[in-house]
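Me: I would like to go through this model with you, starting with the overall fold and then moving to single residues. Could you take my questions as they come?

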Amino acid sequence: GGLEGAALGKVKALLQHVKGRTKDSVYFLEPVDPVALGIPQYFEVIREPMDLGTVERKLLGGEYATAHDFASDVRLIFANSVAFNSVDQTMPVYVSTVRLSDFFEKKWSDLEQWLRNREAAQPAQGAEKGGGKQARERGGKSAGKQAGGW
């Protein structure tokens, strides 16, 4: 199964918040069309295209196993945009990329904290790995970004 219940609801809400920033999200709602945009080299630079519409389709289709998988795809959108558009950092699409990415990361940080608190409230889940009490202690204000697969 994929994301379910409250976690799925929180991720859906986050996606709607990001999409709702229409001044910035307009560039990322649909897949890039290199022909229509006159950028035939797009797929030479960007090997793994991603957009918010595809993220939403995958989310609603149950294709994300975890919230972190969702976040990886959203970050891929911004990484692709930076990679392709960084030649001119004054371009509206580049400025919107930075702004929307910052907005996403702030909202993601709140969601990630909620997920950690939720996991800490289910001690049976990581107790064997020593994750129970330690995970709860790490969940305080001093907890930074966790290194690892996300």
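**Fold, packing and selected residues**

Reply: Gladly. From the N terminus on, the elements of the protein chain run α-α-α-α-α-α-α-α. Please bear in mind that this is a predicted model.

Me: How many helices and how many strands are there in the protein chain?

Reply: The protein chain has eight helices and zero strands.

Me: What share of the 150 residues is buried?

Reply: Buried residues account for 34% of the 150 residues in the protein chain.

Me: And the contacts with a separation of 6 or more: what percentage of them is between residues 24 or more positions apart?

Reply: Of those contacts, 68% are between residues 24 or more positions apart.

Me: Let us turn to helix packing. At what angle do α1 and α7 pack?

Reply: Helix α1, residues 5-20, and helix α7, residues 92-120, pack at about 170 degrees, and their axes are 10 Å apart. Because an angle over 145 degrees counts as roughly antiparallel, α1 is roughly antiparallel to α7.

Me: Which residues make the contact?

Reply: On the α1 side they are A6, A7, K10, V11, L14, H17 and V18. On the α7 side they are L100, F103, F104, K107, W108, L111, W114, L115 and R118.

Me: How does that contact of α1 with α7 divide by class?

Reply: The contact of α1 with α7 has 12 nonpolar residues, one polar residue and three charged residues.

Me: What about α5 and α6: at what angle do they pack?

Reply: Helix α5, residues 52-60, packs with α6 at an angle of about 170 degrees, with the axes 10 Å apart. That angle makes α5 roughly antiparallel to α6. The contact is formed by L52, V55 and K58 of α5 with F70, D73, V74 and I77 of α6.

Me: And by class, for the contact of α5 with α6?

Reply: Five of its residues are nonpolar, none is polar and two are charged.

Me: Now some individual residues. Where is E56 found, and what does E56 touch?

Reply: E56 is in helix α5. Not counting residues up to four places away in sequence, E56 touches L15, Q16 and K19.

Me: Why is E56 classed as partly exposed?

Reply: E56 has a relative accessible area of 21%, so E56 counts as partly exposed. The cut-off for buried is under 20%.

Me: You mentioned K19. Where is K19, and with which residues is K19 in contact?

Reply: K19 lies in helix α1. Leaving aside neighbours within four places in sequence, K19 is in contact with S25, L29, L52 and E56. K19 and E56 are 37 residues apart in sequence, and their C-alpha atoms are 9.8 Å apart in space.

Me: What about K12? Where is K12 found, and which residues does K12 touch?

Reply: K12 is also a residue of helix α1. At 34% relative accessibility, K12 counts as partly exposed. Apart from residues up to four places away in sequence, K12 touches L59 and L60. From K12 to A67 the C-alpha distance is 10.0 Å, and the two are 55 residues apart in sequence.

Me: One more lysine, K23: buried or exposed?

Reply: K23 counts as exposed because its relative accessibility is 64%. K23 is placed in helix α2, residues 22-25.

Me: Which residues does K23 touch?

Reply: K23 touches S96 and R99, setting aside residues up to four places away in sequence. K23 and S96 are 73 residues apart in sequence and 7.7 Å apart in space, C-alpha to C-alpha.

Me: Finally, pockets. What volume does the second largest pocket have?

Reply: The second largest pocket has a volume of about 350 Å³.

Me: How many residues line the second largest pocket, and which lie nearest its centre?

Reply: The lining comprises 19 residues, and those nearest the centre of the pocket are Y27, V32, L37, N85 and V93.

Me: Which helix gives the most to the lining of the second largest pocket?

Reply: Helix α6, residues 67-85, gives the most, with five residues.

Me: And the classes of residue in that lining?

Reply: The lining of the second largest pocket has 14 nonpolar, three polar and two charged residues.

How values were computed:
Residues numbered from 1 in each chain as written. Predicted model: local features only at pLDDT ≥ 70, side-chain atom pairs only at ≥ 80, totals over all residues. Heavy atoms only, no water. 1 Å grid on protein atoms, 1.4 Å probe; cavity = no way out; pocket = protein on both sides within 12 Å on 5 of 7 lines; lining within 4 Å. Points joined across faces, edges and corners; volume = space filled by probe spheres on them. Helix = DSSP H or I, 4+ residues; strand = E, 2+ residues; numbered from the N terminus. Nonpolar A, V, L, I, M, F, W, Y, C, P; charged D, E, K, R; others polar. Axes fitted to C-alpha atoms, helices over the stretch in contact; angles between N-to-C directions. Parallel < 35°, antiparallel > 145°, perpendicular 65-115°, else oblique. Contact = heavy atoms within 4.5 Å. Buried < 20%, exposed > 50% of the residue type's maximum accessible area, 1.4 Å probe, protein only.
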